[in-house]
Structure formats: C-alpha cells, structure tokens
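Student: I would like to go through the labels used for this structure and see what each one rests on. Please set the values against the cut-offs.

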Amino acid sequence: MALITNALTIDVEEYFHATAFSSAVPPEMWAKLPMRAGEATRRLLDLLASREVRATFFVLGWVAERDPGLVRAIRKAGHEVASHGYGHRPIRGDGRKEFIEDTDRSKKLIEDLTGEPVKGYRATTFSIVRETLWALDVLAEMGFAYDSSIFPIRHDRYGIPDAPRFPHRHSSGLIEVPPGTARVLGQNVPISGGGYFRLFPPSFTRWGIRRVNEREKMPVVFYVHPWEVDPGQPRLPAGRLTRIRHYRNLDRTEERLSDLLETFRFGTIGEMLEGGLEFRVQGLGLGYKNNKAAYDASDVSVPNAEPVGAAGGRA
C-alpha cells in the first residue's frame, strides 16, 4: 500500500501571542517583549531540511512585518507560505469588518514578500466556529483556496464537534482542511499536534495517525508552533491550566517531532490536496474529484468534475 501524505503545518507566531495570555500581554505590550519566533522557526527549517520534508507555514502578519527575511527563508526552502491573519485576534461573531481588514492586511503583506498568491488561511485559535461560519464565504471572496480553521472536536475555546473530519468543499467553493482527529468510543479525539502532541504520550499520536492512514485511508493534518521547540522562552503570568497547556514538555517537542517525521510521510497542504482525495460539498452530500484543479484555480470555484458517491476514499 502506498504511503499516504499527511500535511505538516506550522503556525508562525510568538510565544506571547497565545490567546491564553491576551489579558496579561495585550497587543500594545508585544513590541516590548523579545522576539523569538525567528530563531525557533529557523531551527524547524533545519529539521525539515534534514528530513527532506516540506510543510505549510501559516505566518502571522505581525511576525512577517517585523522579520520579512524569515518569510523569504521559508519560501526559499521550498515550503508553502499561508496566512495566519495579522494581529492574532480570534474571529468574533459580529467582527466581519475587523476580520476582513486583518486578513487582507496579512494576505497582501505575505504576497508582497513571496511574490506569490496566498492560497491558505488558518484562524487564530481555530476560531471559525458555528457563530463565525460566515468567515468561510469571506475567505472565498478574498481569493483563498482553502481554510484549516475548523477543528471537529469539543473544546472550551473552539471546535465544531460534528463537522466533517477530512478535507471537504464548503458551498462557497472553499476547501476546508480540518486538523486531524481519530474516532475513539464514538468521539473525535485530537491527534494533530500542538498541546495534544506535548501532553499526550508520543505513542498515542503515532497510534492515531497510523489508524487514520491505514484504516480510513485518509491523511492527517498536523500542526506545531515555533514556540513549542523553544523551552528557554520567558515565562508569562498565567493560571495553572494555561501553564500546563503552554509550557508542559517544551523540552521534548523537537525530538518528538523528529521521530514523527521519520515514522510517517508528510508534505504541504497543497501536496496533500493534490494526492487525489475525494471530498464532499458541505451540506449537499456531493463529492468531486480533481482536487489539484480546484486548489490551483484562482477563483476557487467548484471545477467541472465527475461526481462521486461519498468522501473518505482514495481516488
């Protein structure tokens, strides 16, 4: 059986950008804190080069503006550069205007630095939830080809538990690329990185990815932040739960990630979508093939393609 290409994604932001620190470290304080994302991201670039793996980097506009050389280095190394918004603000139900301004600023900034169109977007703290699904239509109108913001789990800050678990097409034409989950006792359990990767035993992550790849014949979207390979970052004031979520096992993340890259095949989201996946038009129950044509299309419209029965198989 051919190996499935999973997607490795990296959310390029600073350690102080985590939403859990928003009260203790408001945006007006960011410029006063030492920046560390550049060094940590370059360490990740070295790791990926040593494993000959390409990834999708969702770059925060705030970081790109202050370290444009980092964005150019990511692209020069052959990786995909996508948008993580500009100011690391979660999307609010009534924040359409703010969302458009923030996303447009980030998109134009990154496109100016890379000389290429930005096709992908990931919201701060996976904040496209039921109340903010309108953001998918906005992203499609802005020319994005895919989004990776809807986490199909239950969480105190984000998630749509009954959302599709695998890549699918929204009625706007946008392809949704959810972070990875495995089904355990009838529930979606995150196996996709971040705090879950640091807090759960590595064997659980390997089990989950292998289960999805081999049993469901589908890829997993995995994510990590540069600050997660930076155990020397300054400690910020926070409650006990936030300290556990943010700081636990930072000294082990890089080694765990290296082991994961040796165990499974990873690539960019673009490479994953070009791998022949079948997917549904959300709410219509219709699948379409030819994902590469959809991914490459500048207008992100649904291509003329052969309808298929159900999502979840390999083309």
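Student: What makes Phe222 and Phe266 buried?

Tutor: Buried means under 20% relative accessible area, exposed over 50%, and partly exposed in between, with a 1.4 Å probe and protein chains only. Both Phe222 and Phe266 are classed as buried. Before going on: this is a predicted model, where local features need pLDDT of at least 70 and side-chain atom pairs count only at pLDDT 80 or more, while totals for chains, interfaces and linings use all residues. Residues are numbered from 1 along each chain as its sequence is written, and side-chain values use heavy atoms, with hydrogens and water left out.

Student: Why is His79 called buried?

Tutor: His79 has a relative accessible area of 3%, and the limit is under 20%, so His79 is buried. His79 is found in the loop between α4 (68–76) and β3 (80–83). Helices (H or I, at least four residues) and strands (E, at least two) are DSSP runs, numbered from the N terminus.

Student: What makes the approach of Ala55 to the side chain of His79 a polar contact?

Tutor: A polar contact is a pair of N or O atoms within 3.5 Å; within protein, one must be able to donate a hydrogen and the other to accept it, and residues adjacent in sequence count only if both atoms are side-chain atoms. The backbone nitrogen of Ala55 lies 3.0 Å from a polar atom of the His79 side chain, so the distance is within the 3.5 Å limit.

Student: Why is the pair of Trp30 and Trp62 called edge-to-face?

Tutor: Rings of Phe, Tyr and Trp (its six-membered ring) pair if their centres lie within 6.5 Å; planes under 30 degrees apart count as stacked, over 60 as edge-to-face and the rest as tilted. By this rule there are 19 aromatic pairs. For Trp30 and Trp62 the ring centres are 5.6 Å apart and the planes stand at 85 degrees, so the pair is edge-to-face. Trp30 belongs to helix α1 (residues 27–30) and Trp62 to helix α3 (residues 61–66), so the pair ties together parts 32 residues apart in sequence. Trp30 and Trp62 are both buried.

Student: Why do Phe222 and Phe266 get the label edge-to-face?

Tutor: Their ring centres are 6.3 Å apart and their planes are at 65 degrees, so the pair is edge-to-face. Phe222 is in strand β10 (residues 221–224) and Phe266 in strand β11 (residues 266–267), 44 residues apart, and the pair links these distant parts of the chain.

Student: How do you know that the charge of Arg105 sits over the ring of Tyr86?

Tutor: The rule asks for NZ of Lys or CZ of Arg within 6 Å of the ring centre and within 35 degrees of the ring normal. The charged end of Arg105 is 3.7 Å from the centre of the Tyr86 ring and sits over that ring. Lys107 lies over the face of Phe144, 5.5 Å from the ring centre.

Student: What makes the residues that line the largest cavity nonpolar, polar or charged?

Tutor: Ala, Val, Leu, Ile, Met, Phe, Trp, Tyr, Cys and Pro count as nonpolar, Asp, Glu, Lys and Arg as charged, and the others, Gly among them, as polar. The lining of the largest cavity divides into four nonpolar, two polar and four charged residues. Helix α5 (residues 96–114) supplies the largest share of that lining, three residues.
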